[in-house]
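Subject: Model for you to look over

Hello,

Here is the structure we talked about. Please open it and read my notes alongside.

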Amino acid sequence: MISFDPASGVFLLDTPGTSYAAFVPDGDGIPIHVYWGPRIGAGDARYLAFKTAEQFAVEWPCFRSPANGHEEYPLDGRLQFGRSALSLEFPGAIRSTEWTLSGHEIDENAHDQELRLWFDVSHHDVSVTLHYRVYDDSDVIDRWVSLCNDSASEAVDVHRFDSAAWVMPEWAVHRMSHLTGRWAAETQLRRVELTDSRLVLESRRGITSHHANPWFAMDDGTATETYGDVYSATLHWSGSWRLLAQRELDEPAQVLLGWGQEDFGPRRLEPGDRLQTPVSSGLFSARGHGGASHAWHDYALRHVLPSSHEVRPVLFNSWEATGFSVDEAGQRALARQAADLGCELFVLDDGWFGDRASDRAGLGDWRVNTDRFPQGLGPLISEVHALGMGFGLWIEPEMVNPDSDLYRAHPEWTYQFEGRQPAAMRNQLVLNLARLDVAHWVLGELDALLSANDIQFVKWDMNRPFADAGWPGEPDRQQRLWFDHVTGVYAVLDALRTKHPGVAFEACSGGGGRVDLGMMARTDQFWVSDNTDAVDRRYIQHGYSQLYPARTMACWVTDLPTFINKRRVPLAYRFHVAMAGVLGIGGDLTAWSAAETAEAAELIEVYKRIRHVVQLGRVHRLGEPSRSASAVQYVTSDADEAVVFVYREAQQYDSLVRPIRLRGLQAGGRYRLDGGEVVSGDVLMNHGIAPVLTGDYASTLIHLRLVR
Ligand code: GLA
């Protein structure tokens, strides 16, 4: 429910469990945040707005501005001294934005409502709209902003245009959880206390990045997995971005989230142009970090991810098995073994096109290499289908190797500065998808590929960040590429999905370099990390699960030792870690022993029986990953089925696993464990289970079913 009271300027957004309120003082100011938390009434919101206005009206000492930190959307200019969400430059180098509220609109849709607040920028023909959306079935609030240059003659330079500013409660301590990482070590969870200063997380790489993820969760230092107030927000965006948390002494903390790194350079808005930010979604949860994750996962599955009600198939991927050495005979052999194991989808990774014998050549030439596949992909695809599996293919459409026919024909299609040699990474350059002709060419190539071959799955990769982000001959359009490249990728993906509805997409960027809700809205799963070591993976998956659901988390079982850290972990442990997401196999099956193959086939069989619980159920993180025993649990929405994975990396002394208390079961219910003994939900949740694990890298899977 959304209400707006023009007389007081108070607007109130109600979600099923929370309320969010702000007001526009006298109609000509910046909206001021007054409340976000458990449900309150409209009268309460008006009272809080009145008290806030009263507090602002007293004589403030010089050097302080009462509204600082309280702004719903801080504007650059006037008495605004923090970092602003909107910073415009008008002709004459005027860097101050003032506005008046010109009206509002509330759209009532079947399952959501949207509020639009319209503002006219003073002295200029520019208008800004603040958008808010709430859902009937989620406590998540979506926010975004649109900007229109209505002038017939004046251009406006956009220096900063964030999606939202999220105002935190006035706590003594603000502890911010966030995700950091790097290639092969993505989504590492960190918790830091804000000081009276600024903290910036950002990507300057043109992709979301392995190094930080546009998400935070704030608490007062006391929240746990199951207890406490947690404020959280994210950004639906797959390019460069910035998250800036600012807190000054005696002011509330405020977190700005938006596309574009700091100093991306002004983006010019020509007369008549319109620009809209990506969505930033925010969430209040009174049920700790675990409760916040549950609400995020529900939202992602209901409102972001396509086809989220379907479980994902078990796939085999050729990359770690064959690298660039692919040919028809080798892939056929792998396909037969993958089918024997019980895989449902066979994915041919890199190496099938152009002169792709290594990473030095071929990107951009999306033609089947006929030395390797003399009759094209048709015979392999037919065999894969005959074996009862779907067929998937790897592509990296935003890239080109200088050693390729595409680059020889169109060297001007890459990002580069006039007269400079662009820096290659992995021997490749980034294609300028902000150019309509390039985006159009990419769409044509992929459409032709999907039309000519019976393909069910595409792994869309992106294996290097932007650098030398120049657009020769178009200096005025150059700054647009940070935005337009991403919308170009979105447009190609959207068009392909419409034209080929039977094709599922996996988003990959050298592993988890482009994991975000923008990409999630147009793909079916993420390749979360190139690191397939089961021990490292537990930490990566723990961080990933803070925001993203297991249904999107692709995990492979691969060979020993792992190429990342040369670790050797038993097959069952590797499976149990990968089975906590969307299971896949990435090893060289031709080298697996009969015993390994038999064990793997059995575990895949088990996975098929429990995957609906993992992929569509609710996750409970029963402790942080550690060297001693810790566990992760999944429960169906009606709590009639649950799966628990227990892991222990290192045995110390002859210690037994201490009882692990489960969560989210039916208190009065009785559960049968692995088809054997029956234990009450009360015992499972209030005392716990203590599986017997012996030795290092020990793990187990327990499947619980409610006894009717
Ligand atoms: C990236 C991906 C890998 C694989 C290779 C192929 O590194 O993350 O899974 O597809 O590219 O070159």
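Tyr653 lies in the loop between strand E34 (641-648) and strand E35 (670-673). Helices (H or I, at least four residues) and strands (E, at least two) are DSSP runs, numbered from the N terminus. Tyr653 has a positive phi of about 50°, although it is not a glycine. At 69% relative accessibility, Tyr653 counts as exposed. Buried means under 20% relative accessible area, exposed over 50%, and partly exposed in between (1.4 Å probe, protein chains only).

This is a predicted model: local features need pLDDT of at least 70, side-chain atom pairs count only at pLDDT 80 or more, and totals for chains, interfaces and linings use all residues. Residues are numbered from 1 along each chain as its sequence is written, and side-chain values use heavy atoms, with hydrogens and water left out.

Back to the backbone. Arg426 also has a positive phi of about 50° and is not a glycine. Its loop runs between helix H6 (405-409) and strand E26 (429-430). Arg426 is partly exposed, with a relative accessible area of 28%. A cis peptide bond joins Leu560 and Pro561, with omega about -15°. Pro561 sits in the loop between E30 and H11. Most residues other than glycine have a negative phi, and most peptide bonds are trans.

Thr558 is in the loop between strand E30 (553-557) and helix H11 (571-578). Thr558 counts as buried because its relative accessibility is 0%. Its side chain makes a polar contact of 2.8 Å with that of Thr532. A polar contact is a pair of N or O atoms within 3.5 Å; within protein, one must be able to donate a hydrogen and the other to accept it, and residues adjacent in sequence count only if both atoms are side-chain atoms. Beyond neighbours within four places in sequence, Thr558 is in contact (heavy atoms within 4.5 Å) with Glu320, Thr532, Arg574, Gly586 and Gly587.

Tyr573 lies in helix H11. Tyr573 is buried, at 0% relative accessible area. Tyr573 and Ala534 are 39 residues apart in sequence, yet 7.2 Å apart in space, C-alpha to C-alpha.

Now the ligand. Which residues are closest to the ligand? They are Asp349, Asp350, Lys459, Asp461 and Asp530, out of 13 that surround it (a heavy atom within 4 Å). A polar side-chain atom of Asp530 lies 2.5 Å from a ligand oxygen atom. For Trp394, a side-chain N or O atom is 3.0 Å from an oxygen atom of the ligand. For Trp527, the corresponding distance is 3.5 Å. Taken alone, the ligand exposes 310 Å², and the protein buries 97% of that (Shrake-Rupley method, 1.4 Å probe; for residues, only the protein chains shown count as cover).

Last, the packing. The largest nonpolar core has 178 residues. Such a core is a set of buried Ala, Val, Leu, Ile, Met, Phe, Trp, Tyr and Cys residues joined through side-chain atoms within 4.5 Å. Trp352, Phe575, Met579, Ile585 and Phe645 have the most contacts inside it. Helix H8 (residues 481-499) gives this core its largest share, 9 residues. Another core, of 22 residues, lies apart from it and includes Val635, Ile660, Leu662 and Leu704.

Best wishes
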